[in-house]
Amino acid sequence: MSKKPIYVTQPYLPPLEEFIPYLQKIWDNKFLTNGGPMHEQLEAALSDYLGVEHVALFNNGTIALLTALQALRVTGEVITTPYSFVATAHSLLWNGIKPIFVDIDPHTLNLDPEKIEAAITPQTTAIMPVHCYGNPCDVDAIQKIADNYNLRVIYDAAHAFGVEDAGGSILRHGDLSVLSFHATKVFNTFEGGAIVCPDAKTKKRIDQLKNFGFVDEVTVVAPGINGKMSEVNAAFGLLQLQHIDHALERRREIDQFYRLQLHDVPGIRLVNSAGQTTANYSYFPILVDADYPLNRDALYQKLKDNNVFARRYFYPLISNFPMYRGMSSAQHNNLPIANLVAEQIICLPIYPALENEQLSWVADLLQEH
Ligand SMILES: *Cc1c(COP(=O)(O)O)cnc(C)c1O
């Protein structure tokens with residue numbers, strides 16, 4: 001038995017004493033929320049770190065997704081992937097939009113651009129792809145389709161913090177990109193999120209929408225929501241940013257270790273990166289196929305019995321949850337690859353505090369039969 005439990009992820013927490021001066025500042029100036037100095041500084045620091053024009057912070061990624069759809073006035077039908085965290089499709093339902101599920105590419109596990117056109121109807125107004133596990137979508141193919149049919153593109157980039165392609169941040173693609181800073185993500189503010197937007201005018205509208213629709217003290221222009229990030233969360237983000245490169249470097253080492261140990265294990269397929277020049281190693285997904293002596297759920301249970309709490313992200317598929325499964329695009333025969341992958345996937349533990357000994361233990365469990 002392993003000595004202590006190993007979870008799929010563990011939040012990166014800098015030393016507590018480093019956080020105290022940030023809290024002292026908040027106590028001193030008594031600005032707790034509503035776009036205070038910490039909030040302002042974090043927006044600027046993130047634009048700089050990520051290499052993007054404008055960042056609008058949110059209290060979580062889901063409210064950011066909801067607001068991104070509102071900001072672009074998306075209605076009708078939106079094409080999206082069933083292979084994601086449930087918030088992707090939920091953000092559509094909350095806006096009264098019908099999700100249309102399209103199958104994924106078997107290699108990248110992202111929305112398959114070749115299958116998008118067949119799903120477009122006169123009601124389609126946008127595409128919402130996900131950079132799953134931080135692996136970039138085929139952004140050029142998606143943009144081409146969007147241009148041809150006059151569709152908006154909103155990326156759920158919850159996994160894609162810091163990911164870059166040859167041209168720079170992956171977050172510059174599409175009309176908007178949405179980040180999550182939830183505790184389980186690579187960069188966290190306990191709870192939090194952001195919308196990355198290309199111009200100041202769009203950011204202004206987003207900032208109004210996340211503050212009830214207020215433009216000034218007496219003017220409300222839209223039925224906005226309360227999506228504001230508090231000063232404590234923003235302060236933690238500023239501190240976290242001081243440590244992020246170090247955390248990403250340790251994640252890279254872990255990724256390399258797993259690849260070396262697992263690349264020739266029969267029945268285990270590694271998901272390769274998809275064209276990024278800078279990855280964030282946010283997840284370590286493996287696919288367990290028929291050549292492996294155990295099926296996926298048996299392997300999942302074996303790991304669990306040995307105190308290794310891997311996770312089946314993303315099982316069940318969004319399209320198989322009760323509020324979606326009646327839709328025609330949610331049917332199994334429309335989504336064969338996503339359904340197969342959901343039966344084979346396991347995400348292995350990856351986080352900076354993992355020790356080499358623990359990694360060996362996980363690899364041994366996967367290699368022995
Ligand atoms: C985490 C996540 C979200 C939701 O973000 P929250 O900050 O938890 O609301 C949305 N989409 C994907 C793909 C996610 O992984």
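These legends describe close-up views of a predicted model.

Local features need pLDDT of at least 70 and side-chain atom pairs count only at pLDDT 80 or more, while totals for chains, interfaces and linings use all residues. Residues are numbered from 1 along each chain as its sequence is written, and side-chain values use heavy atoms, with hydrogens and water left out.

**View 1. Domain 1 faces domain 2.** The protein chain is assigned domain 1 (16-239) and domain 2 (243-367). These bounds come from an automatic or database domain assignment. The C-alpha centres of the two domains lie 24 Å apart. On the domain 1 side, 41 residues are in contact with 38 residues of domain 2. Contact means heavy atoms within 4.5 Å. The two domains bury about 3300 Å² between them. Carbon and sulfur atoms carry 64% of that area. In domain 1, F101, Y133 and V186 lose the most area to domain 2. Together they make up 21% of what that side buries. Buried area is the accessible area (1.4 Å probe) that two parts lose on being put together, summed over both.

**View 2. Helix 2 packs on helix 7.** Helix 2 covers residues 37-50 and helix 7 covers residues 231-262. Helices (H or I, at least four residues) and strands (E, at least two) are DSSP runs, numbered from the N terminus. The axes of helix 2 and helix 7 come within 7 Å and cross at roughly 25 degrees. That makes helix 2 roughly parallel to helix 7. Axes are lines fitted to C-alpha atoms, for helices over the stretch in contact, and angles run from 0 to 180 degrees between N-to-C directions. Angles under 35 degrees count as roughly parallel, over 145 as roughly antiparallel, 65 to 115 as roughly perpendicular and the rest as oblique. The crossing of helix 2 and helix 7 is left-handed. A crossing is left-handed if the near helix is turned anticlockwise from the far one by less than a right angle, and right-handed if clockwise. By class, the contact of helix 2 with helix 7 has twelve nonpolar, three polar and two charged residues. Ala, Val, Leu, Ile, Met, Phe, Trp, Tyr, Cys and Pro count as nonpolar, Asp, Glu, Lys and Arg as charged, and the others, Gly among them, as polar.

**View 3. Helix 1 also meets helix 7.** Helix 1 (residues 16-29) and helix 7 pack at about 145 degrees, with axes 10 Å apart. Their crossing is right-handed. From helix 1 come E18, F19, Y22, L23 and I26.

**View 4. Helix 3 crosses helix 6.** Helix 3 (residues 61-71) and helix 6 (residues 200-209) pack at about 125 degrees, with axes 10 Å apart. Helix 3 and helix 6 are therefore oblique to each other. The crossing is right-handed. T67, Q70 and A71 of helix 3 meet R205, I206 and L209 of helix 6.

View 5. Most residues other than glycine have a negative phi, and most peptide bonds are trans. The bond from Y313 to F314 is cis, with omega near 10 degrees. Another cis peptide bond joins Y315 and P316, with omega about -5 degrees. F314 lies in the loop between strand 15 (308-309) and helix 9 (336-344). P316 is placed in the loop between strand 15 and helix 9. F190 is not a glycine, yet its phi is positive, about 70 degrees. F190 is found in the loop between strand 9 (176-180) and strand 10 (193-197).
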